[in-house]
Structures are given as C-alpha cells and as structure tokens.
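Here's a quick briefing to read alongside the structure. Keep the 3D view open and follow along.

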Amino acid sequence: MKKRIAILGSTGSIGVNTLDVISGLGSRYVITALTADSSIRLLAHQARKYRPKIIFVGTELLAKKIKPLIPSGTEVVFGRDDLSRIVSRSDVDLVVFAISGSACLIPLVEAIRAGKAVALANKESLVSAGEIIMKLARKHNVKIIPVDSEHSAIFQCLNAIGKEFLTKIYLTGSGGPLLKVAKDKFDSLPRNFILKHPKWKMGKKISVDSATMMNKALEIIEAKHLFGMDDKSIEVLIHPEAIIHSMTEFKDGSVLAQLGTPDMRLPIQYALTYPDRAGGVVKRLDFSMVKALTFLKPDFRKFPCLGLARTAARRGGTSPAVLCASDEEAVKNYLEGRIRFSDIPKIIEKVLSRHAEITGPSLSDILKAERWAQEEARILCRR
Ligand code: NDP
Ligand code: MG
C-alpha cells in the first residue's frame with residue numbers, strides 16, 4: 001500500500017528536502033497535497049512534477065495567479081480553514097508539518113484529531129501548546145514523529161532503549177554563526193552573516209533563531225513535551241562538528257547517541273519510513289574525516305534566549321506561547337531592518353515580564369496569548 005502524503009510548507013527548506021527524499025524513495029509514496037504561503041512559482045513547479053490532488057496558497061489572488069501554471073486536475077484552495085481540511089482528507093495518511101512559526105498549530109491539532117500520522121518539523125506549535133498536543137495525540141493514538149534533527153536522534157535512541165530508563169537528554173547544537181564572535185560585535189554584523197549557519201542550510205526564521213540560540217532554547221521545550229522529561233533533565237551541549245545529533249543517558253549511566261552527516265534529509269526520511277529504514281540520498285559519515293568530537297557548555301550571558309526559555313518552561317501555562325510569539329515577531333522585525341540583533345532577546349524578555357500567565361490553558365487561551373505577545377512585541381519594535 002502506498003503512503004499518501006500531505007506536505008504543509010512544501011516550498012520551504014524542509015519541504016523541498018522532503019520532496020527530494022520522496023523522489024529518492026521511489027514509488028511507495030504518493031503526494032496528495034502541497035502547500036505554500038506565497039512562493040507560487042516553486043509550488044507550481046512542484047505541482048507539475050508531483051501531480052498532487054490539491055494545493056494551498058495564502059491568498060485568493062495567489063490562487064488565481066497559480067491556476068494557469070498547474071495541471072488541470074489539481075485543485076487550488078487558499079482559505080485558512082482549507083489547511084485544516086487538507087490534513088483531514090481521507091486520502092491523506094501522513095502529514096509533514098514544515099510550515100514555520102505559529103501558523104502550524106491549528107492544522108496540526110486538526111491532523112491529530114483526524115488520526116493522521118504526523119511528521120513534525122515545526123517546533124513552535126509544540127513549544128506553544130505542547131501539553132494540549134501530546135494529550136490529544138495520546139487520545140487519538142497518534143504517534144508524533146519528530147523531524148527536528150536533535151529530537152529525531154533522541155527518538156531513534158529511545159527505539160533502542162525504553163523511555164522508562166531515560167534519565168537525561170543531551171541536546172547538542174553546533175553553536176550557530178556567532179559561537180566565536182564577541183557579543184559586542186553582534187550588532188555590527190550584516191544580516192547575511194547572521195543568516196549563514198555554519199552547518200545547516202535553513203529558512204530565515206530558524207537561521208536567526210540559531211544565531212540567538214533561541215532555536216536550541218525552543219528545542220528544550222520541544223524535547224520536554226515529546227519525551228515527557230522535566231526540563232532540568234535536558235542539558236544543552238555545544239558540539240561544533242554537528243556529527244552527534246543528540247544523546248540520551250539511561251538509568252545505569254549508559255549513553256546512546258545518534259550520529260550522521262548533518263543533512264536534514266536523514267531525519268526527514270526516518271520520519272517517512274518509520275519504523276522501517278530505507279536506502280536513500282544521504283551521504284555516509286566518513287570517520288577518517290572526523291578529526292575530533294568536541295563539546296562545551298553554552299554561554300547563557302552571551303545568549304540570553306537560553307535563560308528566557310528556561311524561565312518560560314518553568315512558568316509553564318501560556319508563557320512558552322508568549323516566548324514563541326514574541327520571538328517570531330522580533331525576528332520578523334529584525335529581518336525587516338527595524339530592530340538590531342541584540343534587541344531580539346530584550347524584546348522577548350520585556351514581553352514575558354509583562355505577561356500574566358494562565359495555567360492549564362485551553363487552545364483558545366494559547367492563541368489569545370500568542371496574539372497578545374505578537375502585538376506587544378510589535379509595539380516595542382516600533383519604538
Ligand atoms: P522556511 O521558511 O524555509 O519554509 C517555511 C514554509 O512554510 C514555506 O513553504 C512557506 O511558504 C510556508 N509558510 C510560511 N508561513 C506560512 C503561513 N503563515 N501559512 C502557510 N504557509 C506558510 O522554513 P524551514 O523549512 O526552515 O522550517 C520549517 C519549520 O521546520 C520551522 O518551524 C523550523 O523551526 C523547523 N525546522 C527546520 C529545520 C531546517 O533545517 N530548515 C530544522 C529543524 C526544524 P512560502 O515559501 O510561500 O513562504
Ligand atoms: Mg534542531
């Protein structure tokens with residue numbers, strides 16, 4: 001039986017890599033749906049190549065523009081609710097969530113409610129609403145397969161030794177483009193330096209998050225929910241070679257790690273083939289070329305986002321959603337040239353300090369907190 005796939009965010013870095021992996025896997029997979037926000041040229045090209053039944057774009061105007069560029073048998077939709085309808089279709093078995101930011105949350109919830117298999121790259125949804133998502137997944141018997149490389153690594157280790165023996169997670173990260181740059185130089189660096197990650201080629205939002213280390217910070221909360229761990233048992237380790245993608249320590253002190261060339265196509269492929277494995281497109285690791293594997297502790301003073309995430313994780317409730325939404329807005333304003341790089345953590349900290357959190361929030365509390373935080377951050381960015 002072929003696996004029928006919907007890729008939300010097919011025009012982004014993860015989306016394009018997912019299509020590449022599927023091409024390499026051959027005829028066992030069929031693409032039912034592809035979605036983009038505004039990249040209609042690339043989406044049209046993907047539609048001609050993969051012949052999905054349905055595609056989604058962000059606006060009615062874009063839907064009109066793309067129509068003549070795609071096969072006549074492909075339907076085009078554009079309303080926000082249409083993303084939720086796509087993930088619930090009866091001809092979709094697995095949904096890849098590769099949309100960046102908060103737009104992923106509602107379709108993810110709908111996919112889980114519809115009992116679809118979930119390959120989750122988007123981390124913001126889990127950070128904002130992890131408890132609700134994990135509870136819903138348990139209720140609908142849905143396995144969330146992480147695509148984020150660290151979480152895929154942990155997930156793979158836990159397939160070897162049961163979670164009941166897990167005592168600690170080492171979340172590794174390369175350190176990003178600013179690892180060796182002094183803090184007082186951050187604001188003088190051009191945006192393309194910040195966006196150029198030394199090990200991974202990714203979308204703009206996550207690239208800025210990697211530079212502030214907010215990416216690793218969000219990953220602590222992501223891991224906390226995915227693996228049911230207290231955030232005190234999750235340690236961030238800087239590992240510049242990016243060969244070890246994360247490690248798990250068990251009750252008896254034994255540590256398991258997952259290694260591989262830094263290529264997102266590997267965790268993407270595992271999420272698609274899970275629990276099986278397949279040959280694929282990813283280059284093998286050549287250990288004779290790996291000179292050393294080094295580790296250091298992260299610098300919380302240089303990268304305050306790490307501490308902000310710890311605070312938000314401990315406060316719980318709507319705080320992680322506020323962390324996420326204020327970061328998204330601050331990053332957007334940084335990319336648009338409105339604020340300096342060093343303003344990003346300051347804005348998030350201010351918004352978090354003004355937030356009166358709600359404990360045990362509902363989904364609508366979370367959405368409301370996100371909108372509030374986005375607006376607060378927007379006002380601060382315009383000052
Ligand atoms: P990109 O910015 O490259 O791509 C984002 C995709 O989402 C694009 O297809 C974009 O469409 C679409 N999109 C953006 N906003 C909206 C919206 N409001 N509504 C509908 N679609 C939207 O991001 P990445 O691929 O880098 O990252 C995707 C997610 O995966 C993020 O949450 C990130 O944290 C996570 N992730 C990414 C990794 C990576 O290597 N890139 C690694 C680990 C996790 P359009 O092209 O039209 O703008
Ligand atoms: Mg990651």
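This is a predicted model: local features need pLDDT of at least 70, side-chain atom pairs count only at pLDDT 80 or more; totals for chains, interfaces and linings use all residues.

From here we'll look at the helix itself, then a metal site, some charge pairs and a surface patch.

**Helix α6**
- Helix α6 covers residues 124-139, and at 1.5 Å a residue its 16 residues should span 22 Å. The C-alpha atoms at its ends sit 21 Å apart, so the two values agree.
- There's also a kink of about 95 degrees in α6, and it is centred on Gly130.
- Gly130 is one of the buried residues of α6, and others include Leu126, Val127, Ile133 and Leu136.

**The magnesium site**
- Which residues hold the magnesium ion (ligand 2)? Its protein donors are Asp148 (OD), Glu150 (OE) and Glu219 (OE), at 2.1 to 2.2 Å from the ion.
- Along the sequence, these donor residues follow the spacing D-x1-E-x68-E.
- Asp148 has a relative accessibility of 7%, so it counts as buried. Glu150 is buried too, with a relative accessible area of 7%.

**Salt bridges**
- Side chains of opposite charge can pair when their charged atoms come close. In this model the count comes to 25 salt bridges.
- Lys216 pairs with Glu219, with the closest N and O atoms 2.7 Å apart. Both residues lie in helix α10 (residues 214-227), three residues apart, which is about one turn of the helix. Are they buried or exposed? Both Lys216 and Glu219 are buried.
- Asp82 and Arg85 make another salt bridge, with their closest N and O atoms 3.1 Å apart. They sit three residues apart in helix α4 (residues 80-87). Asp82 counts as buried because its relative accessibility is 16%, while Arg85, at 53%, counts as exposed.
- Glu329 forms a salt bridge with Arg378, and here the closest N and O atoms are 3.5 Å apart. This pair links distant parts of the chain: Glu329 is in helix α13 (residues 319-335) and Arg378 is in helix α15 (residues 363-382), 49 residues apart. Glu329 is buried at 2% relative accessible area, and Arg378 is partly exposed at 26%.
- Salt bridges with shared partners tie Lys123, Asp148, Glu150, Lys216 and Glu219 into one network.

**A nonpolar surface patch**
- Leu259, Phe287, Leu293 and Phe295 make up a nonpolar patch on the surface, and together they have about 350 Å² of accessible area.
- Phe295 is in the loop between α11 (265-273) and α12 (305-315). With 37% relative accessibility, Phe295 counts as partly exposed.

Notes: Residues are numbered from 1 along each chain as its sequence is written. Chains are lettered from A and ligands numbered from 1 in the order in which they are written. Side-chain values use heavy atoms; hydrogens and water are left out. Patches are made of residues with over 30% relative accessible area and no salt bridge: like charges are joined within 9 Å, nonpolar side chains (Val, Leu, Ile, Met, Phe, Trp, Tyr) within 5 Å. Accessible areas come from the Shrake-Rupley method with a 1.4 Å probe; for residues, only the protein chains shown count as cover. A salt bridge is a side-chain nitrogen of Lys or Arg within 4 Å of a carboxyl oxygen of Asp or Glu. Helices (H or I, at least four residues) and strands (E, at least two) are DSSP runs, numbered from the N terminus. Buried means under 20% relative accessible area, exposed over 50%, partly exposed in between (1.4 Å probe, protein chains only). Donors are N, O and S atoms within 2.8 Å of the metal (3.2 Å for Na, K and Ca); water is not among the atoms, so sites may look incomplete. The expected span of a helix is 1.5 Å times one less than its number of residues. The bend at a residue is the angle between axes fitted to the seven residues ending there and the seven starting there.
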